Amino acid sequence: MTSRQYRSNYRRQLPALVAVVGGGLIGSAARAIVGFWLPTPTGHFPTGIFVINITGSFLIGLYLARRERAAVARLSLPFWAIGVLGSFTTFSAFSLDVLRLLTEGQTPTAVVYVVSSTVGGLVAALLGQRVGQAAG
Amino acid sequence: MNILVATVAGALGAMCRYLASGTIQGRSRSDFPVGTLAVNLSGAFLIGLVAGATQLNSTASVAALGFLGGFTTFSTWMIETIRLGMPALRARAVVNLTLTLGAGIALTAAGYSLTN
């Protein structure tokens, strides 16, 4: 690819990139605030990240189902799904909390956390889709 | 102050996720969500490195954790797994779920043991 093609690709991507960053500010601020309200004491179930990941999974299902039915702006997807909900939810903090629970000897809590987050996240996203489809 | 640092770092993480995930997915000919897999696994490794590095001061670690929080994503992982599994439960949905989970936690542990 020539440098001119790179520049033109970049220019075409710029509005979506701005939408992702704008949404990312909102999602990250919301995650930081929830984390501040619901801190996890050492050795305990990480309630804050759990609530964030389940809520975010429900909302992404809801958003994508609504998006199929209603006309939305081109930048709506990068803003809401990739920016806001993508940054609100997190895999890295989830993974770190699992490791912490395991190294603290809280294996049962770690297993409950992994299973409830993944099964709960899948159920929440499916439920969000159903609600979005039912809304007509 | 910490919330502000985490917010800005998280938005930068979101931007990097969008660019990295899009580039990787674009180069792959598969419809398996390798873009999200790559950002989540690399983010899991990096958060292990950060958590193990106890010499980091608190602002640097808030910024790093905020960045990686925005860089990795749970909601997209869930929705992409559901898409792979539609209409019936398919093997690839299970692979996406278990590979991210198993490799992610192993990489966090590897990162942690490298710096701690």
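In the predicted model, helix α3 (residues 58-71) of chain B has 14 residues, which at 1.5 Å a residue should span 20 Å; its end C-alpha atoms lie 20 Å apart, in agreement with that expectation. The buried residues of α3(B) include B:Ala64, B:Leu65, B:Gly66 and B:Phe67.

Chain B as a whole contains 5 helices and 0 strands, and its pattern along the sequence reads α-α-α-α-α. The C-alpha trace of chain B spans about 50 × 30 × 25 Å along its principal axes. Of the 116 residues in chain B, 50% are buried. Among contacts in chain B with a separation of 6 or more, 71% are between residues 24 or more positions apart.

Helix α2 (residues 34-52) of chain B was examined in the same terms.

One partner of α2(B) is helix α5 (residues 91-115) of chain B; the two axes come within 6 Å and cross at roughly 30 degrees. Angles under 35 degrees count as roughly parallel, and α2(B) is therefore roughly parallel to α5(B). The crossing of the two helices is right-handed. On the α2(B) side, the contact is made by B:Leu37, B:Asn40, B:Leu41, B:Ala44, B:Phe45, B:Leu46, B:Ile47, B:Gly48, B:Leu49, B:Ala51 and B:Gly52. On the α5(B) side, the contributing residues are B:Thr100, B:Ala103, B:Gly104, B:Leu107, B:Thr108, B:Ala109, B:Ala110, B:Gly111, B:Tyr112, B:Ser113, B:Leu114 and B:Thr115. By class, this contact comprises 14 nonpolar and 9 polar residues, with no charged residues.

Between the chains, 40 residues of chain A are in contact with 37 residues of chain B. On the side of chain A that touches chain B, at least two residues each are supplied by α1 (3-37), α2 (47-69), α3 (76-88), α4 (92-103) and α5 (107-134) of chain A. The largest share of this side, 13 residues, comes from α1(A). Classified by residue type, the side of chain A that touches chain B has 22 nonpolar, 17 polar and 1 charged residues.

Key
Residues numbered from 1 in each chain as written. Chains lettered and ligands numbered in written order. Predicted model: local features only at pLDDT ≥ 70, side-chain atom pairs only at ≥ 80, totals over all residues. Axes fitted to C-alpha atoms, helices over the stretch in contact; angles between N-to-C directions. Helix = DSSP H or I, 4+ residues; strand = E, 2+ residues; numbered from the N terminus. Parallel < 35°, antiparallel > 145°, perpendicular 65-115°, else oblique. Left-handed = near helix turned anticlockwise from the far one by under 90°. Contact = placed C-beta atoms within 7 Å. Nonpolar A, V, L, I, M, F, W, Y, C, P; charged D, E, K, R; others polar. Expected span 1.5 Å × (residues − 1). Buried ≥ 20, exposed ≤ 12 C-beta atoms within 10 Å, placed from the backbone.
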